[in-house]
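Here's a quick tour for anyone meeting this structure for the first time. Have a look at it, then read on.

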Amino acid sequence: MDGTAGQPSYSDLAALVAQLQVELAALRAENQQLKKRIAELEKKNPTQRLDKSYSVKADEKRRKEAETKKSGKPTTHGSSGDQQASDRRGRVPNQGKIDKADHHELVLPDGFELPQCHPSIERPVWRIRDGKATLVVYEIWRGPNGEEGQIDGVLPRSEFGFEIHVTVAFMVSMIGLSMDKVCTLLRFFWELELSKSQADALLNQLSRQWEHEFESLCQLLAVSAVVHADETSWSLNSVWAFLSEKARVLVFGCRKDGDTLAQLLPKDSFAGILVSDDAAVYQGFTKAQKCWAHLIRKAVRFTLLQPDNAEYKSFLEGLLAVFAKAKRAAADQRLKEAGRAARVAELFDDVCELSFARCGNENRQPKPDDETDREYHNLVHEVSRLSCEEELFTFVLHPEVDATNNEAERSLRGAAQDRQTGRTSKTLRGAQRRTILMSVLESLKLHLAEFTLESVLSEVQTWWHHSESLFDRLVTECGLDPPAESTLNKLVPLKTA
């Protein structure tokens, strides 16, 4: 029955009663928390000191005396209690953070309503809300059988939201900023007071969280169709980059030898195409494409050293002509498999003709006491050898393959700059951390349509809800089993024999 004029209807009254019941349950829960807090305080100070005068001023004076006795330093009278609290060093008590919180939010276990639950703990967490750092206290409740509510976007035992973890990792690992600059930027843009030690702890937490994802990326790399590889020296051993259509893996602090390469790309089982330079460690793969940019740069160098040398100039012009012809053949979509093989045969003849002046005459040796001519002689033989080993024109037979290794070289440019400025890892554990963070972030950049903080957080949130990451799902689709041992510990062992 509807209510008469000026009186609420039965439906309105029923809704009001339901709302009051919810508010009553919340007040009862708050009352329980306050009683619990009072009991804790009474245990700490069960009786008042009646032999001393009690007032706000007297209590403040006693606190100052206690702090002076503890630190051994005199305190300045007249300063406020808030200023003293801000000047104290060390870990801020949990209750102090709760008292300073800007917001309180209830966290209930999935599938339960508030009247079915009871309060458990309070966790203060720094979150980014509306472009500003905000201290939020999450009041976590448990269900009737001990089910605990989970906070979205917060790692276990962390006092910072996941968005802060990712931001710090992006700026330190991918951009290469120092900890001091990262803390300054967070203070400027988000008003977040973060110390260097806290930033370092955030990176450690995130790397531990993503260690399993790194192992999945190593598995995906081994079954990729095309892998670009390159390496350079590092503060600890070397840094290696492996780029494929499935994963991006950057390993810091590893050794630059065949054992390291075999951990990620075993020659006896890797069925893809390896794009690399002509270093000895990359030799022996079934399918390979050697970088044309390396060969052309070497030929250009000789013409710059001796501009009047007709042989050097002729070889460079011929090499560029062969490369241009190969690029046109690779881009020709009309060619089928047989047509591409015929073009490669023609290109092989062109290389033989180009290098015949040096390689076809056994008596043609480099000039004595001429280092440049000796290096040129080696380059001509290198081009001839790579052509015979079918590692120069793989990109013509397989158009999806690049003719150069420039992408892998660019991925190491930041690492090389960090090495020059001293912003490198100083310990193997730090190298492991950098390896995990860089590999996961670069691989996310590969798979996400837009690489932004919002898209990364959205993607990782789905990992938590489904207990499976994007990379785990790809590993399952490839029919791979989980690794029996940690690949990371083999690549960057913390303890050496």
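**The chain overall**

What share of the 497 residues in the chain is buried? Buried residues make up 40%, where buried means under 20% relative accessible area (1.4 Å probe, protein chains only). Keep in mind that this is a predicted model, where local features need pLDDT of at least 70, side-chain atom pairs count only at pLDDT 80 or more, and totals for chains, interfaces and linings use all residues. Residues are numbered from 1 along each chain as its sequence is written, and side-chain values use heavy atoms, with hydrogens and water left out.

The chain has 20 helices and 8 strands, taken as DSSP runs (helices H or I, at least four residues; strands E, at least two) and numbered from the N terminus.

**Two nonpolar cores**

A nonpolar core here is a set of buried Ala, Val, Leu, Ile, Met, Phe, Trp, Tyr and Cys residues joined through side-chain atoms within 4.5 Å. The largest has 69 residues, and Val-168, Trp-210, Phe-242, Leu-264 and Leu-265 touch the most other members. There's also a second, separate core of 32 residues, with Val-344 and Phe-393 among them.

**A helix pair**

Now for α12 (residues 337-359) and α13 (residues 371-388): their axes come within 9 Å and cross at roughly 150 degrees. Axes are lines fitted to C-alpha atoms, for helices over the stretch in contact (heavy atoms within 4.5 Å), and angles run from 0 to 180 degrees between N-to-C directions. So α12 is roughly antiparallel to α13, a label for angles over 145 degrees. On the α12 side, the contact includes Phe-348 and Val-351, while α13 brings residues including Tyr-376 and Val-380.

Technical notes: Buried means under 20% relative accessible area, exposed over 50%, partly exposed in between (1.4 Å probe, protein chains only). Angles under 35 degrees count as roughly parallel, over 145 as roughly antiparallel, 65 to 115 as roughly perpendicular and the rest as oblique.
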